[in-house]
Amino acid sequence: MGTIEEGAALAVVGAAFEFPQCADWDTLTALLREGRDTMRGLPQKRAESTGVVRTASDREGGWIDDVTGFDHRYFGISKADAELTDPRQRRMLQLAVRAIGEAGYAPDELAGSGTAVLVAGYGAPHPSLYNLLPAGQQGAGPAMTGSLHAYAAGRVAYHLDLRGPAEVIDTSCSSFLVALHEARWKLARGECDLALVGGFELVLGPLPRRTTGTDGLGVLSSDDRCRPFDSAADGTTYGEGGGFVLVKRYEDAVRDGDTICAVVRGSAVNQDAGRSTGLTAPSPAAQSEVITAAWQDAGVDPATVGYVEAHGTATKIGDPIEIQGLAGAFAAARDTTGVRPVSSVKGNLGHLGSMASFAGLMRVIAQFRAGEIFPTAHFREANPLLALPEHTLRIAAGAEPWPTGRGPRRAGISSFGLSGTNAHMVVEEGPADPPPPPYTHVERPFVLSARDLSGLDRQVRRLRDLIAADVTGFDLAAAGEVLTAAREHFPLRHAWTARDTTELLGHLDAVLHGPAQAPVPGTTPPLVLALGDTVATTVADLRACAAGHPAFADIHEEAGRRCPRASGTRRSARWCGWSAGTRCSCGPVSPPPWYSPTASAPTRPACCGRRRTSPRPWARSATRPRSPRRPTPRPCEVPCPGSPGTP
C-alpha cells in the first residue's frame with residue numbers, strides 16, 4: 001500500500017455519542033479521567049418501560065438508561081410505525097441529527113446533498129425488536145423494515161434526504177472502524193463530499209445471565225468487570241451505546257472553516273484468514289501487518305504515534321496476542337524512540353460490539369481535547385503473559401499529561417473483529433484554530449429555540465454557563481453565527497441582539513431571574529422570518545417578494561441596513577432576516593405559514609426554495625468571502641435543541 005495522498009486525509013468535523021451515564025464531552029472526560037466504569041444492573045426505569053423482568057442472575061453491563069424515548073413527529077413518522085422500529089435505528093436517527101448540529105450545520109443544509117451514510121452492523125446474536133413482537137404484529141410491513149439491518153443506513157438517508165451511498169457494514173467487532181475506512185476512500189474517490197458514519201448497540205429482550213460454566217465463546221468476565229491487560233483479567237463485559245461522526249475531506253474542512261476535532265491520516269483493513277488457529281482466534285502476524293499498512297498509508301513515522309487505543313477485550317490470550325502484534329509492528333519499524341502508553345476504553349464502557357472502535361475514537365478525541373492520557377480502568381498489575389517491549393510500549397496506569405512535542409498529538413486505534421477482519425487507523429488532533437479576527441462591537445442576533453418552555457430554559461442556562469465560564473474569551477461572533485444559521489429553529493424561541501458578552505449575559509439573566517415573559521393577552525406574538533439558503537435567490541427575487549408583502553418589505557429594508565450585501569458571508573445573508581428590529585420575548589412565536597410540526601424539516605416559500613446549483617450545496621462558494629474559523633466556542637459546545645426526542 002502506497003503513501004497516502006493529501007486528498008485522502010479525513011477530517012472529523014462533528015461527533016455525537018450516547019454512552020451509559022455520559023452523552024457529552026464533560027461527563028465522558030470525567031469518567032475516563034477517573035478510571036471509572038459504567039457497569040450496573042439494568043436500571044429500574046428501563047425494566048419497567050420495556051417489560052424486562054430482572055433476576056438475581058442477570059449480568060451487569062454498561063446499560064443505557066432508557067431505550068423508548070423518540071420524537072416521531074420530528075421525522076414525520078407515525079407513532080404506530082415508530083413503535084415497530086427497532087430502538088437502535090430510532091437512536092441512530094437522533095444521533096445523526098446531533099452529529100450534524102455539533103459540526104455547526106443545520107440538517108437542512110445537507111438535505112439534497114450527496115452525503116453518504118455508513119452504519120456499523122449491529123445486534124447479532126441478540127434479538128431485534130421484530131423477534132420480540134407478538135406474532136400478530138410481525139406480519140406488518142413496518143415491523144419487517146423496522147428491524148432489517150439494511151434499513152439502518154437507508155432510514156437515516158431517507159429522513160435527512162442524504163443522497164450519497166447508504167450502506168451497512170458488518171465485520172463483527174471491527175464494523176465501525178471498517179465503515180470509517182470505507183467512508184474515507186469514498187470521499188477520496190469523489191463518491192461523496194460528506195459522510196455520516198456510526199451506529200448504535202443495544203441488548204434487547206431478556207438480559208444475559210451468569211452461568212456456572214463459561215459462555216459460548218469464553219470471552220465474558222466472571223464478575224462483569226473488564227480489566228484490559230491486567231493480571232486479573234478474565235474477559236470482557238456487555239456495553240451499549242453509539243453515535244455518529246460527520247466527516248469530510250480534510251482540505252474541504254479547512255476551506256469551509258470547520259472546527260476539526262480529529263484528522264484520520266491513514267487506515268488499513270485485512271483478514272486473519274489461514275494465519276489463525278480458528279475462525280474466531282486472533283493472529284498476531286495479521287495484526288502487525290494491518291498496523292504497519294496503516295502507518296504506510298498515513299505516511300507517518302511510527303515514532304510520532306504517542307498513544308495506542310487497543311482493542312483490549314481483557315481475555316487471557318487475546319490481550320497478549322494484541323501486544324505481540326503491536327510490538328511486532330514497532331520492532332519491524334525499528335522504533336526505539338520512546339515508550340508510548342496503551343489502553344482500552346472497554347474497561348470503562350464494556351464491549352459495544354460493532355461500535356467498540358467508535359467508543360475508542362471518542363476516547364482518543366477526549367484525550368486530544370484534554371491534552372491528557374487517561375488511565376486504564378481496573379488496571380493494577382500487568383498480565384504476566386504480556387511481552388511488553390520495555391523501550392516501546394507500556395500500559396497506561398494513571399492519568400498523565402500528553403505533551404504535544406514537535407507535531408500534533410497522534411494516536412493509533414485498533415479494532416479486531418471476531419470475523420477475522422482487522423482494522424487500524426492513524427488519528428491526529430485537528431490543527432490549532434487561528435485567533436479570531438478583531439472583535440467589532442456591532443449588534444448581532446442570537447436565537448435559542450425548543451419545543452417546550454423547559455427545553456428553552458435549559459438552552460438559556462447552558463448558553464449562560466458557557467459564556468460565564470470565559471467572558472473575555474467567548475467568541476461572540478462565532479456563537480451568533482452558529483446559533484442563528486446552524487441550528488434548527490422551533491416554535492418556542494428567545495431572540496436578542498447584543499454587542500458584547502456583558503449585554504448578552506444581561507439578556508440571559510433577565511430571562512432566568514426576571515419575571516416570566518409571555519405574549520401579552522390580546523396582542524399578536526412577534527413573527528420572526530428566517531431566510532433559508534440564498535444561493536439561488538437573487539436580489540430581484542427578494543424585491544419582488546417585498547413588493548407583494550408589506551411585512552416582508554419592512555424586514556428586507558431592515559436587513560439591508562444591518563447586513564450590507566457587499567460585506568456579508570453566505571451565512572450572514574441567511575440570518576439577517578432574524579434581526580428584523582425586534583427583540584422577541586419568551587413565548588409561542590407564531591410560526592410562518594409554511595411551518596409544519598409534523599414535517600421532518602420546515603419547507604420554505606418559493607422565493608427561498610432549495611434549488612441546488614453547486615455540486616457541493618453545503619459548501620461555501622469560493623467566490624464569496626468565507627466566515628472565520630469558529631475556535632471558541634466549538635459548534636458542539638454551543639447550545640442546540642439537542643436530539644430529536646429531547647426539547
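Here is a short chat about helix packing and a few backbone details in a predicted model.

Trainee: What should I know before reading the numbers in this predicted model?

Mentor: Local features need pLDDT of at least 70 and side-chain atom pairs count only at pLDDT 80 or more, while totals for chains, interfaces and linings use all residues. Side-chain values use heavy atoms, with hydrogens and water left out, and residues are numbered from 1 along each chain as its sequence is written.

Trainee: Are α4 and α9 oblique or roughly perpendicular to each other?

Mentor: Helices here are DSSP runs (H or I, at least four residues), numbered from the N terminus, and strands are E runs of at least two. Helix α4 (residues 87-102) packs against helix α9 (residues 150-160) at about 50 degrees, with axes 10 Å apart; axes are lines fitted to C-alpha atoms over the stretch in contact, and angles run from 0 to 180 degrees between N-to-C directions. Under 35 degrees counts as roughly parallel, over 145 as roughly antiparallel, 65 to 115 as roughly perpendicular and the rest as oblique. So the pair α4 and α9 is oblique.

Trainee: Is α10 oblique or roughly perpendicular to α15?

Mentor: Helix α10 (residues 175-188) and helix α15 (residues 356-370) pack at about 70 degrees, with their axes 5 Å apart. That angle makes the pair roughly perpendicular.

Trainee: Which residues of α15 make that contact with α10?

Mentor: On the α10 side you'll find Phe176, Leu177 and Leu180. From α15 come Ser357, Phe358 and Leu361.

Trainee: How many residues of α15 are buried?

Mentor: Buried means under 20% relative accessible area, exposed over 50% and partly exposed in between (1.4 Å probe, protein chains only). Helix α15 is mostly covered, and out of its 15 residues the buried count is 13.

Trainee: Is Ser172 buried or partly exposed?

Mentor: Ser172 sits in the loop between β4 (166-169) and α10, and its phi is near 70 degrees, a positive value in a residue other than glycine. Its relative accessibility is 25%, so Ser172 is partly exposed.

How values were computed:
Contact means heavy atoms within 4.5 Å.
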